[in-house]
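Trainee: I'd like a close look at one part of this protein, starting with strand pairing. Please take me on from there.

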Amino acid sequence: MTGILFRGCVVLSLILPGVVRGQSVNAVTEPDSIFPGRGKITEIILYRSGEKFDAAEEKPVLVYHEGIVFNMEKEAGAEYSFYMKGPDDDWTAWNERNYKEYTNLDRGEYTFRYRYRYGGDGMEVKGETAGGGGTAGEGSFSFRVKAPWYFSPLALIIYPLLLVIAGMMLRIRTHRLFMERQKRLEELIAERTEELQHEKEKSDNLLANMLPKGTAEEIMSKGKAAKTKYNFVTVLFSDIQGFTRIAEEMNPEVLIDELDRFFFHFDSLAEKYRIEKIKTIGDAYMCAGGIPERNRTNPVEVVMAALEMQKYMQFMKDDPAKTAARFWDIRIGIHTGTVIAGVVGHKKITYDIWGDTVNTASRMESSGEPGKINISGTTYEFVKEYFICDYRGRMPVKYKGDLDMYFVKGIRPEFREPDGSPNRKFFTKIEMIRILDAEEHVFTKYSEIASPDLFFHSVDYIRSVCLQADLLARAEKLEDQDYIHVRLASVFIFFGYAFDYNDPPAAARKRAGEILSVYGFGPQTLDAVTALMDSAYLPFQENAAAKVLHDAVYDFTGRIDFVTMVDRLYREEVAYGKVNDPKTWFRNIAARIEENQFLTETARKLRSVTLQEQLNALQSFAGEKLNNI
């Protein structure tokens, strides 16, 4: 039977497995369409699995692309014709084949129809007589092929969700790719920026080596630099005695190497003593102290550099390994006065100085002697307390007439170590003068940038604190180092208010570090000054220097203008949003003043008004202020 059933079938299905068990089966036929006998359907079989339908069940459901086989009764002389809308275009021709198969069925509702007849038995069916080619009977069978899972209602809901998810994933991926590209671009920009910054630093360093820092910055920002007059500058000239003769006798390469070695050492000395190198011309070396940063110690620092130049040249002459150096003798001339400094040129710019001081310094050098330092009478007046100098008398100078000249022999005994180098006392004496430079710098800068709302912490108040610190330090007979630290701390303690009112101590420490290094103070001085500033407001102090600074800061609490100063402090803190409750603010001020009484005997003696009187005055003033509020 099976051989007959599948003979000649072509399987076109691509598909899913057979019908799902438990689905209903429904045979829509004539009432007697499925039963044994006379040309009816005998069995219905799934094409792939061979599974049979139960004819008693409701309309069956086949899976997508399944096939179905209808087997009819096998009777002699019986002929069949079949038709199913969809797979068939029309009824099949009459033939004796008693089965019909359909494969690869698409989704939808199907009704299989069949007709049968007998070629000559003359059987009557429904009032008709079969024979002569007529139809003996017909029937039908309905079933459904369900849609595939990807056409199910759930799938139709999932598809938009998948589309949204895919869109989101695509957007995320696009965003990730964009961010990766952006990151690569930023890294590339950072690399290029770093390279440009590195090149800029190289060019800035090169320009800074050619020009003073302030002048270089001015040129980079404005494209040019203004000429500046300096009233107190010390100019140094040096040259090699008999250089022309040495150049004729020495190998040129050796000559240049030796000269470069000398000038390299001179440059290091100029940097050490904060001297500005101006230029070299052949064997001549020119530098100047007091520019571009003005200072009061430049005559001493230039003479110190000259002594070290002289010492270095002597060392080179005494070194047996330096056979060429024994021919070198250096002459140095120094003069102090007024100069004009600025930049000349447009393409190859140079920093230079002009004025009579420059000419006189050059004459000091040419009027000197090999191996000696010749200074003018003007420079002598500024350095005589530090150095031993031999008076040469009034010497004739070209275009200048007779000028007083001195040979510098070395540092005075009380200011030098056994090896001739300056001792601590020497540097202390220099730092006493440097205090004035730092003080002038701070006062000038504070006046330029201080806010008008600094009613209390004004430049006048800072000056008064500095003067009081100086007075108390001298009266209390502080050691020189303590005196220097107190004076510097009094200069910087309120400097931070001009930069950061919320954290003035931190701003003051930062600026103190920058300015003190410019004026030649070392890190130990900075540490001592910072420690004094940090502890100045404490009511108890351990050492004399801290007590002096404390009393200088609170000096206004003992003066007759105490109420005026408190009013200024109140208005200032109101302007900066530091007063939340005026009543509490006045209470805190009274408590602080009562707690921070004067610690030095001198401050107590200088008090104009007693503490109790000041507190009474403060209470009265606070009452008036609060009533007005």
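Trainee: In which sense do β2 and strand β9 pair, and over how many bridges?

Mentor: The sense is parallel, and β2 meets β9 (residues 137-145) over two bridges. Some ground rules come next. The model is predicted: local features need pLDDT of at least 70, side-chain atom pairs count only at pLDDT 80 or more, and totals for chains, interfaces and linings use all residues. Numbering starts from 1 along each chain as its sequence is written, and side-chain values use heavy atoms, with hydrogens and water left out.

Two strands count as paired if DSSP finds at least two bridges between them. Helices (H or I, at least four residues) and strands (E, at least two) are DSSP runs, numbered from the N terminus.

Back to your strand. In general, strands of a sheet pair through backbone hydrogen bonds, parallel or antiparallel.

Compare that with β1 (residues 41-46) and β3 (residues 68-72). Here the sense is antiparallel, over five bridges. Ile-41 has Met-72 of β3 as its bridge partner. Strand β1 is mostly covered, with five of its six residues buried. Buried means under 20% relative accessible area, exposed means over 50%, and partly exposed falls in between (1.4 Å probe, protein chains only). An exposed case is Met-169, with a relative accessible area of 55%. Met-169 belongs to helix α2, which runs over residues 153-210.

Tyr-391 faces Tyr-406 of β17. The two strands make a hairpin, with three residues between them. Tyr-399 sits in that turn and has a positive phi of about 65°.

A salt bridge here is a side-chain nitrogen of Lys or Arg within 4 Å of a carboxyl oxygen of Asp or Glu. The whole structure holds 32 of them.

Start with Arg-274 and Glu-301. Their closest N and O atoms are 2.5 Å apart. Glu-301 is buried, because its relative accessible area is 3%.

Next, follow β11 itself. Lys-279 forms a salt bridge with Asp-352, at 3.2 Å from N to O. Lys-279 is in strand β11 and Asp-352 is in strand β14 (residues 350-354), so the bridge ties together parts that are 73 residues apart in sequence. The two partners fall into separate classes of accessibility. Lys-279 counts as partly exposed because its relative accessibility is 30%. Asp-352 has 12%, so it counts as buried.

Then take Arg-331 and Glu-365. Their salt bridge has its closest N and O atoms 3.2 Å apart. The link joins distant parts of the chain: Arg-331 belongs to strand β13 (residues 330-344), Glu-365 to helix α7 (residues 356-366), and 34 residues separate them. Arg-331 has a relative accessible area of 16%, so it is buried. Glu-365 is buried too, because its relative accessibility is 8%.

Salt bridges can also link up in a network. One such network connects Glu-439, Asp-470, Arg-474 and Arg-487.
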